[in-house]
Amino acid sequence: MAARFGAALILALVVVAVWFLADSNFVLRVATLVFIYGLAAIGLNILVGDAGQVSLGHAGFLGIGAYAVAIGPASLGLHPLLALVAGVLLAGVLALVIGRPILRLRGFALAVATLGLGILIAMVINNEAWLTGGPDGMRVGRLELFGWRARGTDTWYWIAAAALIFGAIVASSLKASPTGRALRAVHDSEVAAMVAGIDVARYKSAAFVISAVYAAIAGGLLALYDGFVTPDVAGYLTSIEIITMVVLGGMGSVLGAVVGAVILTALPQMLTAFAEYEHMVLGLIMMAVMIGLRAGIVPSLAALFGGVLRRVR
Amino acid sequence: MTAELLQFAFSGLTVGAVYALVALGFTLIYNASGVINFAQGEFVMIGGMTTVFLAAAGVPLPIAAIVAIGAAVLIGILLWALAIEPARGAPPIALIIITIGASIFLRGLAQIVFDKQFHALPPITGDAPIRIGGATVLPQTFWVLGGGFAVVVLLTLFLERTLLGKAVLATAANRLAARLVGINTAMVVCLSFAVSAGIGAFAGILITPITLTSYDVGTLLALKGFAAAMLGGIGNPVGAVAGGLLVGLIEAFGAGLISSDYKDAFAFFVILAVLFFMPAGLFGRRAVERV
């Protein structure tokens, strides 16, 4: 039980606590963004932390989800929810088709291939202005269900929180399942995993598809919440941010991914007063955490304090 | 048509020479330490921007260029001493995040020390275009190509003819064995950061009169340089140079013949294709993984 719901339970408590402690709409907005990026990071962590495969292009899938909910209703007249489902399917299918050949690569070759994939997706979004509005971005219609319109940070706080907690439960359950063990076996040694009868290519590809689906859902939620989407969502820097969340928070840790999302999302918002120094501070934190806490924040702290924290990892 | 193709070839080789130098920087550091330094592009930016600002302050161009290269070398050494050396033994992904963090930090620093505008430098020998077979070529192009060639020759001589260079090669071949025969491998890694930074800054100074520079030019250069190094086969200096020139040519011909909107895409498209069929890169050896 603890393995499956521990992380989700802690997240739920934090969600409720933040709701009551938040003294401004601004705090809720930042928290909502943290939940959405946290969802993407939890998904990427399944690929990076569990299966041990790096991806420097996951923002591409975020972009597919985001632009699906923007283009679907505007150009095809789809309901936003249906458009989100279509975007998630598209991202999943793309990940399935591309995943097999890409994941044969290892180490830095995989890094550059995923980087290229992300950049290609971002470039299509940037250049096909007739469909996507190009670099200026495009408006996203409101999500409407049976006459009820999801708008305002109050509403989206809970939608994003629900998505995050659901995503955490799925990720934790996956970790505790035979599939999760197979992924970790692939991570530790592909040859040993193969000898043990694990279809390595299939499991790597599965992790890639799952992480792409998480990213697409997060992208769709982000676009629906913001009501506007620009190609930056699919850009290289976004890819770097998501993988930094995973590594900073702690690879293989569901809570770690969210902690990473807090640092990378909330910090720039808090530093807006010192906008000039934002990049320097962010770079310093990335370096300092990786030098000081190599395993990432949550696993390092868990190792320090042991006990309770370790069980919910 | 041939004039047009010649034109594309010249512009491709010019940017390709810069990618080649960046890829060479990646290769040097990778060989000495196994680290992929994503802050490599920032050295190019530091070289260009420092020269621009010193020149604007009245410093003669050659002195400004030398000081800029010195500054980049110093920053390269500091990067090694403060961020890479303390993280020795960290997993590759942690090292990737550290060097990306360093690149973001240096970009932020440049934004404060310098500014967020685009800047140019005067060409070394004027800007009267030279006509070659119907193509117009800027004199600076020859400086870039010649400078790139000179760096490759000097680096080769250094690596193969000096004791220190041989220590670098030995470390690249086998770090443990190098240490066993008394080579100070930490010093070799430090040296590789210094040399890579210097080469990057040099490339930045040469290319600024043609492509301009700003605090954020490093990111895309690092990506292209990394891609070029992968294309040539990571860890292979000849491959890095060939990969860089090839990426430049692919971009120039792709932009000229197919679509300039997708200029940056062609290189990555080709790299994806090459990696699918030759995971070790064009010049890489097939590595056998030991279990």
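This is a predicted model: local features need pLDDT of at least 70, side-chain atom pairs count only at pLDDT 80 or more; totals for chains, interfaces and linings use all residues.
1. Helix α2(B) is mostly covered: 13 of its 17 residues are buried. After α2(B) comes B:Gly58, with a positive phi near 100°.

2. Confidence in chain B. The mean pLDDT of chain B is 88, and 97% of its residues score at least 70. Which helix scores lowest, and which highest? Confidence is lowest in α11 (residues 263-277) of chain B, with a mean of 80. It is highest in α3 (residues 61-84) of chain B, at 95. For the model, ipTM is 0.86 and pTM is 0.87.

3. Make-up of chain B. Chain B holds 11 helices and 2 strands. Along the sequence the order is α-α-α-α-β-β-α-α-α-α-α-α-α. Of the 291 residues in chain B, 51% are buried.

4. Dimensions of chain B. Its C-alpha trace spans about 55 × 50 × 35 Å along the principal axes. A compact globule of 291 residues would have a radius of gyration near 19 Å; chain B has 19 Å, so the two agree. Among contacts in chain B with a separation of 6 or more, 75% join residues 24 or more positions apart.

5. Make-up of chain A. Here there are 15 helices and 4 strands. The radius of gyration of chain A is 19 Å, close to the 20 Å that the globule rule gives for 313 residues, so chain A is as compact as a globular protein of that length. Its C-alpha atoms fill a box of roughly 50 × 45 × 40 Å along the principal axes. Buried residues account for 56% of the 313 in chain A. Of the contacts in chain A with a separation of 6 or more, 77% are between residues 24 or more positions apart.

6. The core. The largest nonpolar core has 212 residues. Those with the most contacts inside it are A:Ala41, A:Ala218 and B:Ala227. Helix α10 (residues 200-226) of chain A gives the most to this core, with 18 residues. In soluble globular proteins, nonpolar side chains tend to be buried together.

7. What does B:Ala227 touch, leaving aside residues up to four places away in sequence? In chain A, B:Ala227 touches A:Val112 and A:Gly116. In chain B, its partners are B:Val247, B:Ala267, B:Phe268 and B:Ile271. B:Ala227 is also one of the residues with the most contacts inside the largest nonpolar core.

Methods. Residues are numbered from 1 along each chain as its sequence is written. Chains are lettered from A and ligands numbered from 1 in the order in which they are written. A residue is buried if 20 or more other C-beta atoms lie within 10 Å of its own, exposed if 12 or fewer, and partly exposed in between; C-beta atoms are placed from the backbone. A nonpolar core is a set of buried Ala, Val, Leu, Ile, Met, Phe, Trp, Tyr and Cys residues joined through C-beta atoms within 7 Å. Two residues are in contact if their C-beta atoms, placed from the backbone, lie within 7 Å. The radius of gyration is taken over C-alpha atoms; the globule rule is 2.2 Å times the number of residues to the power 0.38. pLDDT is the predictor's confidence in each residue, from 0 to 100.
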